[in-house]
Amino acid sequence: MLTQQLSKTFVFSPIVNHLQSANKIEIFLNYQQEEELFKEIDFFKKRISFEKLINEGSTLSQEKINNSIKEKSLELAQEYKAKSVDAIANIFADIGSLISFAFVVATSQREIKVLKSFLDEIIYGLSDSAKAFIIILSTDVFVGFHSTHGWEVLLEGVLQHFGLPENRDLIYLFIYLLLHSQ
């Protein structure tokens, strides 16, 4: 995780930022980000018109309203551009961290054996009820028999991490197949 965060922050994000500014790459990675931006701008416009209606004596000219909408639009465009850069950098940083993890596993066989024997001693030293509790807890967390909402949140987070649109049908199909495969 440290490798992923460091490589993302100091290597991949600056590279993607440079490429995006040099090549004028699109702000949005998917249609869902674009829809969210337009909803936020529409909400901002409605809020301004509401404030103007409430404050009848307000001297907000149409030019000032248009300038504030333009400023908000530019601010939101920068925010969504940063989200896109973050998602692209996440992909490269995750690949880099997987490669570094594979390298550590391949070169540290002796240390892995020591760690495995240490964990074996801890696990075998537990009482039977503690072992049963750990088994039940781990199956509940990883298999999710009791929490389909937990799987939804997890899958939405993964899709957002990589800048992919959140496809509800795909998420529900995955959960259905996961829970009904037993």
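1. In this predicted model, α1 passes α3 in a right-handed crossing (the near helix being turned clockwise from the far one by less than a right angle). The axes of α1 (residues 2-23) and α3 come within 8 Å and cross at roughly 135°, where axes are lines fitted to C-alpha atoms over the stretch in contact and angles run from 0 to 180 degrees between N-to-C directions. That makes α1 oblique to α3, since angles under 35 degrees count as roughly parallel, over 145 as roughly antiparallel, 65 to 115 as roughly perpendicular and the rest as oblique.

2. On the α1 side the contact (heavy atoms within 4.5 Å) includes Phe-12, Val-16 and Gln-20, and on the α3 side it includes Val-85, Ile-88 and Phe-92. The residues of this contact divide into seven nonpolar, nine polar and four charged, with Ala, Val, Leu, Ile, Met, Phe, Trp, Tyr, Cys and Pro counted as nonpolar, Asp, Glu, Lys and Arg as charged, and the others, Gly among them, as polar.

3. α3 also packs with α2, at an angle of about 155° and with the axes 10 Å apart; the two helices are therefore roughly antiparallel, and their crossing is right-handed. Among the residues in contact are Leu-37, Ile-41, Phe-44 and Ile-48 of α2 and Ile-65, Ile-69, Leu-76 and Tyr-80 of α3. By class, this contact has nine nonpolar, four polar and six charged residues.

4. The axes of α6 (residues 148-161) and α7 (residues 168-179) come within 10 Å and cross at roughly 130°, and these helices are therefore oblique to each other, in a right-handed crossing. Trp-151, Leu-155 and Leu-159 of α6 are among the contacting residues, as are Ile-171, Phe-174 and Leu-178 of α7; by class the contact has nine nonpolar, one polar and three charged residues.

5. About 230 Å³ of space lies in the largest pocket, which is lined by 15 residues, with Gln-33, Glu-36, Lys-83, Gln-160 and Gly-163 nearest its centre. The elements giving two or more residues to the lining are α2 (31-54), α3 (62-107) and α6, and the largest share, four residues, comes from α3. By class, the lining has four nonpolar, seven polar and four charged residues.

6. On conventions, residues are numbered from 1 along each chain as its sequence is written, and side-chain values use heavy atoms, with hydrogens and water left out. Local features need pLDDT of at least 70 and side-chain atom pairs count only at pLDDT 80 or more, whereas totals for chains, interfaces and linings use all residues.

Conventions:
1 Å grid on protein atoms, 1.4 Å probe; cavity = no way out; pocket = protein on both sides within 12 Å on 5 of 7 lines; lining within 4 Å. Points joined across faces, edges and corners; volume = space filled by probe spheres on them.
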